[in-house]
Amino acid sequence: MVLVTVGTVAVLWWFGGSVSDLVLFGAYLGLGVALPGVLLIRVLYPGIRTVAEEIALGLALGYAVEVMVYIAVRAAGVPLLVLAWPIVTYLVFLAVPRLRRRWRSPARARTPIWWSWSLALLFALLVAWSAVVFFRANALTWPDVVMPIYDMPFHLALIGELKHHVLPTVPWIAGEPLYYHWFVYAHLAASSWITGIEPLVLLYRLSMLPMLAAFLIVVAMTGYRVTGSRPAAVLIAAGAIFVGAPSLFVGQNPYPFAWGGLLDNSWNSPSQTFGGLLFAVVILLVVDVVRRRGGIGRWVLLGIFLVAVMGAKAVYLPMLAVGLAAVAVVEMVRRRRLPWPVLTALGMTAACLLFSQLVLFGGVRNGMTFYPLWAMRRSWADMTGRVYTASPPLDSLLGVTLLYCLCWLIALCGILGLLSRPRSLVRSDVVLMVGIGAAGFVPVFLFGHAGHSHFYFLWSACPYLVAVAVFGILILLRRARVSSRATVVAVGAGVLATSLIPALCGVGVPLAAGVPESLVYRPYVVLLLIVVLAAVVLAATMGMIRTWALMTVALSAIGLPACWYAIVSKFAQNGIDKVSVHGRGIVPEIPQGTLIAARWLRDHSLPDDVVATNTHCRWGREKPCDTVLFWLSALSERHVLVEGWGYAPTRRPVSPHPDQTIEQIPFWDKERLRENDGVFYAPSAASMQRLRDRYGVRWLVADERLSPHPMIGQFADLRFHSGAYSIYYVQDNSRP
């Protein structure tokens, strides 16, 4: 642990993290989040565990409590009062005699040395991935900071919003309520208030790594609870990182199935990482509950974490509700009585889910539409290189859907190993995780979203599907009494097949013009032929049960190197070339003075001030206009009347159809947009006064590249100029 911590600090320093920021963040995380959380864990969730496990649980609990406290104190206008919760915790644990002993380290679980090293190496791999793929491509210096991932200003703007406002609104469309899972931004805002570290540094370098480390440890804890095997638990933690439908293609886009596991989303989706950690603890607690290992402390913790997950990520509670409902049904059939602990947990989940959908998310879908097999239609176009149409040929759609199912069946074939011991199929923890996984797959097949956001259900369920798959493999290996040597050979065969089949078949996607689309099936047909041939040979020499076990191990091994090759080759190359992720094309032409102007505005305006700008399109993507632009609201931490509207988590009709591209989405309030742009291109005293009176606009940020009217200065006071930007103050001319 010490070596990995030192190595992580060295990586962060190498990629621009200052020593002062690293020291401040470490002190804040340890003393302000993890330690008070550990003290509470020792009271509410006692048990024999390792130091790393206790810290991981304490860190997760600290995050959850901090967010709730911050929401309250930020709403009261005293954000730094969030420091009261760790201070009060310390005072209580010092003052109450029965709690003083909690300062002493409890009995520790004795684990083999390879266990600690395995988890440490997995985290080191995550740090290396972050450095090679994310840190290298996302600098902390301007203008390199804006280049590759256009989601990052979206997150940065929401951090700025939560720094100054609770309840939050949409910062890039002033006055619009924010119907979104925003708790992670509350945590990042609290971190910025306490440490004084820029939100940009927290988002781009510091905050995600502790969450990832804690996530790996908690998933490993759950894996050990389910399987009773530490090697299996390590495999489950590894699978939580790497699992994905195996790709056997080559070329510029070798992975057409919208893979987006932990690696892909760990940095460009903070809500996924934050929610994933909190949900992992929920699963750990629920496994205890469904096994009737309750206790008032566990129920208190479950309530805290359910509330935290409620606003951390929208996808988790619906899947948990399905999993708990499945457990309740199975338990009632098995035991012929009501499983009250399960029903109680289900009721708590349903209450949080109802509140989140009606209050936090306002009942909006944010672009997700009922559209069966939409993802498969898009994958067909991605693989074949054909122009996307909503209705590809039926045989093509069916073929791609079967291919998609086949790929996930290969990745998770270990689940079928449970059939070798039917009693394991009705275990409450197994039913829970299979239910969560089934709920994760359904949206992929039934819904569509222009940004593939419905895939977050599947990605979020993958760690628990992996847990069941590894458990199934373990059962098979034990029943078949397969030796370690044979298991290693089976893994090697899977890895070898993954390496050879793409090279031998040479199918690159998207297919070149004139190539028959049936070619996309060639690698998988070859794989199936090899599997059938190997199964026949093994069955003749080893028997059915050993054949089943070894073939399951080999197939499970196919997905990992295939995912690694596809993801690393795709994203590392994007990072090297500094090209926009998601295939959006070119390096933006960043206007000179953007950062300086935005920071000046932040320093010379009030948090409630509203800003108007004439920039609505991403730099370098003005024709057609790509409205995914949030840099002014992100860097200035101010509300912008209308900046971009490509992502608009509001009640407004943002994207009525998943086939509609961002460039095709018009702004719904045409009068607001007309009045906003009017002060830049047809300024007058009346238009300025109307913008101030009606929308509360105090500042204008004019992008001079877009040729605003030179007479703006006659109706507003020029306060600052930097590069391509001029900043004006709008006076109140209605007063005598």
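**Exercise 1. Is L373 buried, partly exposed or exposed?**

Solution. This is a predicted model, and every value below is computed from it.
- Step 1: L373 lies in the loop between β1 and α17 (374-384).
- Step 2: Read the accessibility. L373 has 22% relative accessibility.
- Step 3: Apply the cut-offs. Buried means under 20% and exposed over 50%, with partly exposed in between. L373 therefore counts as partly exposed.
- Step 4: Check the backbone. Phi of L373 is near 65°, a positive value in a residue other than glycine.

**Exercise 2. Find where R336 sits, and state its phi and its exposure class.**

Solution. 
- Step 1: Look in the loop between α15 (316-335) and α16 (340-360), where R336 is found.
- Step 2: Read phi. R336 is not a glycine, yet its phi is positive, about 55°.
- Step 3: Classify. The relative accessibility of R336 is 76%. The limit for exposed is over 50%, so R336 counts as exposed.

**Exercise 3. Describe how helices α10 and α13 pack.**

Solution. 
- Step 1: Two packed helices are described by the angle between their axes and the distance between the axes.
- Step 2: Read them. For α10 (residues 208-227) and α13 (residues 270-290), the angle is about 25° and the axes are 9 Å apart.
- Step 3: Name the arrangement. Angles under 35 degrees count as roughly parallel. Helices α10 and α13 are therefore roughly parallel to each other.
- Step 4: The crossing of α10 and α13 is left-handed.
- Step 5: List contacts. The α10 side includes M208, F215 and R225, and the α13 side includes P270, F274 and D288.
- Step 6: Sort by class. The contact of α10 with α13 has 15 nonpolar, three polar and two charged residues.

**Exercise 4. Describe the aromatic pairs F154–Y180 and F370–F447.**

Solution. 
- Step 1: A pair of aromatic rings is described by the distance of the centres and the angle of the planes. The structure holds 29 aromatic pairs.
- Step 2: Take F154 and Y180. Their centres are 5.5 Å apart and their planes are at 85°. Planes over 60 degrees apart count as edge-to-face, so the pair of F154 and Y180 is edge-to-face.
- Step 3: Locate both rings. F154 lies in helix α7 (residues 152-164) and Y180 in the loop between α7 and α8 (183-195), so the pair ties together parts that are 26 residues apart in sequence.
- Step 4: Check burial. F154 is buried at 5% relative accessible area. Y180 is buried too, at 15%.
- Step 5: Take F370 and F447. This pair is also edge-to-face, with 6.0 Å centre to centre and 80° between the planes. It links strand β1 (residues 369-370) and strand β2 (residues 447-448), and F370 and F447 are 77 residues apart.
- Step 6: F370 counts as exposed at 54%. F447 is partly exposed at 24%.

**Exercise 5. Which residues beyond its sequence neighbours does I475 contact?**

Solution. 
- Step 1: Locate I475 in helix α20 (residues 455-480).
- Step 2: Leave aside neighbours within four places in sequence. I475 is then in contact with G417, L418, S420, R421 and S424.
- Step 3: Check burial. I475 is buried, with a relative accessible area of 3%.

Notes:
Residues are numbered from 1 along each chain as its sequence is written. This is a predicted model: local features need pLDDT of at least 70, side-chain atom pairs count only at pLDDT 80 or more; totals for chains, interfaces and linings use all residues. Side-chain values use heavy atoms; hydrogens and water are left out. Axes are lines fitted to C-alpha atoms, for helices over the stretch in contact, and angles run from 0 to 180 degrees between N-to-C directions. Helices (H or I, at least four residues) and strands (E, at least two) are DSSP runs, numbered from the N terminus. Angles under 35 degrees count as roughly parallel, over 145 as roughly antiparallel, 65 to 115 as roughly perpendicular and the rest as oblique. A crossing is left-handed if the near helix is turned anticlockwise from the far one by less than a right angle, and right-handed if clockwise. Contact means heavy atoms within 4.5 Å. Ala, Val, Leu, Ile, Met, Phe, Trp, Tyr, Cys and Pro count as nonpolar, Asp, Glu, Lys and Arg as charged, and the others, Gly among them, as polar. Rings of Phe, Tyr and Trp (its six-membered ring) pair if their centres lie within 6.5 Å; planes under 30 degrees apart count as stacked, over 60 as edge-to-face and the rest as tilted. Buried means under 20% relative accessible area, exposed over 50%, partly exposed in between (1.4 Å probe, protein chains only).
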